[in-house]
Amino acid sequence: MEVHRQYIDIHVPLNGMETIGWKPLADLSAVDKEYDAEADFGTYSEPASAYVTLEPGQFLIAWPEDGHAPIIGEGTLRKAIVKVKL
């Protein structure tokens, strides 16, 4: 699970299906990589509590309070990730 606190991530698959795991940041406790404010990135080593599968034309918004695990699937996936600074 990855987290960002300064940006919103918008995940948009372009050529195939993508599954993204989700878990509230408040429920994450197994720190894998401490949050780095300069990189706006941290990770947790625990499973998601929910999953959503997206296809081209759909998108997912991950807010700072959302832990997320992108790029779950098979094969090569092309996608766009838009970062919106808060």
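**Close-up views of a predicted model**

**View 1. A nonpolar surface patch.** F59, I61, W63 and L86 make a nonpolar surface patch of about 430 Å². Patches consist of residues with over 30% relative accessible area and no salt bridge, like charges being joined within 9 Å and nonpolar side chains (Val, Leu, Ile, Met, Phe, Trp, Tyr) within 5 Å. Areas follow the Shrake-Rupley method with a 1.4 Å probe, and for residues only the protein chains shown count as cover. L86 is found in the segment after β9 (79–85), strands being DSSP runs (E, at least two residues) numbered from the N terminus. With a relative accessible area of 60%, L86 is exposed; exposed means over 50%, buried under 20%, and partly exposed in between. The structure is a predicted model, in which local features need pLDDT of at least 70 and side-chain atom pairs count only at pLDDT 80 or more, while totals for chains, interfaces and linings use all residues. Residues are numbered from 1 along each chain as its sequence is written, and side-chain values use heavy atoms, without hydrogens and water.

**View 2. The largest nonpolar core.** The largest nonpolar core holds 7 residues: M1, V3, L25, L28, Y44, A48 and A69. Such a core is a set of buried Ala, Val, Leu, Ile, Met, Phe, Trp, Tyr and Cys residues joined through side-chain atoms within 4.5 Å. A48 touches M1, G21, W22 and K23, leaving aside residues up to four places away in sequence; contact means heavy atoms within 4.5 Å.

**View 3. Salt bridges.** The count comes to 3 salt bridges, each a side-chain nitrogen of Lys or Arg within 4 Å of a carboxyl oxygen of Asp or Glu. K83 and D9 meet through their side chains at 2.6 Å, N to O. Because K83 lies in strand β9 and D9 in strand β2 (residues 7–13), this pair ties together parts that are 74 residues apart in sequence. K83 is partly exposed at 43%, whereas D9 is buried at 2% relative accessibility. E18 and K79 form a salt bridge at 2.7 Å, N to O, and both residues are buried. In the salt bridge of K23 with E46, the closest N and O atoms are 3.2 Å apart, and both K23 and E46 are buried.

**View 4. Positive phi values.** Most residues other than glycine have a negative phi. D40 has a positive phi, near 50°, and is located in the loop between β4 (31–36) and β5 (41–44). I71, in strand β8 (residues 66–72), has a positive phi of about 60°. D40 is buried at 4% relative accessibility, whereas I71 is exposed at 56%.

How values were computed:
Helices (H or I, at least four residues) and strands (E, at least two) are DSSP runs, numbered from the N terminus. Buried means under 20% relative accessible area, exposed over 50%, partly exposed in between (1.4 Å probe, protein chains only).
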